[in-house]
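Trainee: I am new to this structure. Could you take me through it, one feature at a time?

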Amino acid sequence: MKNLRETFERGEVTLGCFTLMVEPMYVEVLGAAGFDFVILDCEEANGDSYGGRLDELVRASEASGLVPTTRVVENTAGAINRALNAGSRLLFVPHVRTADDAAYAAEAMRYPPRGRRGAAPVVRAAQYGLEDWIEYHRRTNEDNQLFVMVEDVEAVHNIHEIVEVDGVDGVLVGTWDLAVELGCADYGPPPPQVMQHV
């Protein structure tokens, strides 16, 4: 499986997509189609941040050669920890509006002393305790990535402070939510007033 952090740092192009069809078979099809990663959606689809379904989707991603990434249901420590425990390697956190929101997510993603993620050595991502804890702690703190979702006008105004937060690795712009807030949502390409914010 690719290490997306290394791939991005080399400036290589990667291809990925969201899946709203949260059945393992559909995830496997995306792997067979040649994508590099899949975004398992727990915010707008029933990817289920807090249950066993996410484990199945991550497992299907890995079996298909896809890097499992997850859009968590919300910016809470529980949702973030659950997605990481399942084995997600990159998280998309929705509706990050301020630098404080971004810092909360960054700290929730990493174990102390870098963050405040709750520790459990027997989770799926640590091979149920078979991976050496010191190595797992190091690997997840260094390799897992956080992309914040900027999809509110408030976030656009705060973008310079948001991207300066230690632990934020990237930004995904949510054009549909921006369009709804700006009163110009419609199917098709984002209208000019949305693109000005982008």
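Mentor: Start with one term: a nonpolar core is a set of buried Ala, Val, Leu, Ile, Met, Phe, Trp, Tyr and Cys residues joined through side-chain atoms within 4.5 Å. Keep in mind that this is a predicted model.

Trainee: Which residues touch the most other members of the largest nonpolar core?

Mentor: The general idea comes first. In soluble globular proteins, nonpolar side chains tend to be buried together. Here the largest nonpolar core has 40 residues, and Ile-80 and Leu-146 touch the most other members. A second, separate core has 8 residues, including Leu-4, Ile-39, Val-67 and Leu-90.

Trainee: Is Leu-146 buried or exposed?

Mentor: Buried means under 20% relative accessible area. Leu-146 has a relative accessibility of 0%, so it counts as buried. Leu-146 sits in strand β5, residues 145-150.

Trainee: What is Leu-146 in contact with, leaving aside neighbours within four places in sequence?

Mentor: Its partners include Leu-91, Val-93, Ala-102, Ala-105, Ala-106 and Met-109. Also among them are Arg-110, Gly-167, Val-168, Asp-169 and Gly-170. For contrast, take Trp-176: Leu-146 and Trp-176 are 30 residues apart in sequence and 21 Å apart in space, C-alpha to C-alpha.

Trainee: Now a helix. Which residues of helix α2 are buried?

Mentor: Helix α2 covers residues 24-32, and its buried residues are Val-27, Leu-30 and Gly-31. Look down the axis of α2: these buried residues fall within an arc of 100 degrees, so they line one face of the helix.

Trainee: What do the buried residues of α2 pack against?

Mentor: They pack against β1 (16-19), β2 (37-41) and α3 (53-63). Then check what follows the helix. After α2 comes Gly-34, with a positive phi near 105 degrees.

Trainee: Next, charged pairs. How many salt bridges does the count come to?

Mentor: Look for a side-chain nitrogen of Lys or Arg within 4 Å of a carboxyl oxygen of Asp or Glu. By this rule there are 14 salt bridges. One of them joins Arg-71 and Glu-43, with the closest N and O atoms 3.2 Å apart. That pair links distant parts of the chain, 28 residues apart: Arg-71 is in strand β3 (residues 67-71), and Glu-43 is in the loop between β2 and α3. Arg-71 is buried, at 10% relative accessible area. Glu-43 counts as buried too, at 18%.

Trainee: Which parts does the salt bridge between Arg-97 and Asp-152 tie together?

Mentor: The side chains of Arg-97 and Asp-152 meet at 3.3 Å, N to O. Arg-97 lies in the loop between β4 (90-93) and α5 (99-109), and Asp-152 in the loop between β5 and α7 (153-157), so the pair ties together parts 55 residues apart in sequence. Arg-97 is partly exposed at 31% relative accessibility, whereas Asp-152 is buried at 8%.

Trainee: Which residue forms a salt bridge with Glu-107?

Mentor: Arg-116 does, with the closest N and O atoms 3.4 Å apart. Glu-107 is partly exposed at 36% relative accessibility. Arg-116 is partly exposed, at 36%. Salt bridges can also share partners: Arg-5, Arg-110 and Asp-169 are joined this way into one network.

Trainee: Last, the surface. Which residues form a nonpolar patch there?

Mentor: Val-163, Val-171, Val-173, Met-195 and Val-198 do, with about 360 Å² of accessible area together. Take Val-163, found in helix α8 (residues 159-163). Val-163 is partly exposed, with a relative accessible area of 39%.

Key:
Residues are numbered from 1 along each chain as its sequence is written. This is a predicted model: local features need pLDDT of at least 70, side-chain atom pairs count only at pLDDT 80 or more; totals for chains, interfaces and linings use all residues. Side-chain values use heavy atoms; hydrogens and water are left out. Patches are made of residues with over 30% relative accessible area and no salt bridge: like charges are joined within 9 Å, nonpolar side chains (Val, Leu, Ile, Met, Phe, Trp, Tyr) within 5 Å. Accessible areas come from the Shrake-Rupley method with a 1.4 Å probe; for residues, only the protein chains shown count as cover. Helices (H or I, at least four residues) and strands (E, at least two) are DSSP runs, numbered from the N terminus. Buried means under 20% relative accessible area, exposed over 50%, partly exposed in between (1.4 Å probe, protein chains only). The arc is that of the directions from the helix axis to the C-beta atoms. Contact means heavy atoms within 4.5 Å.
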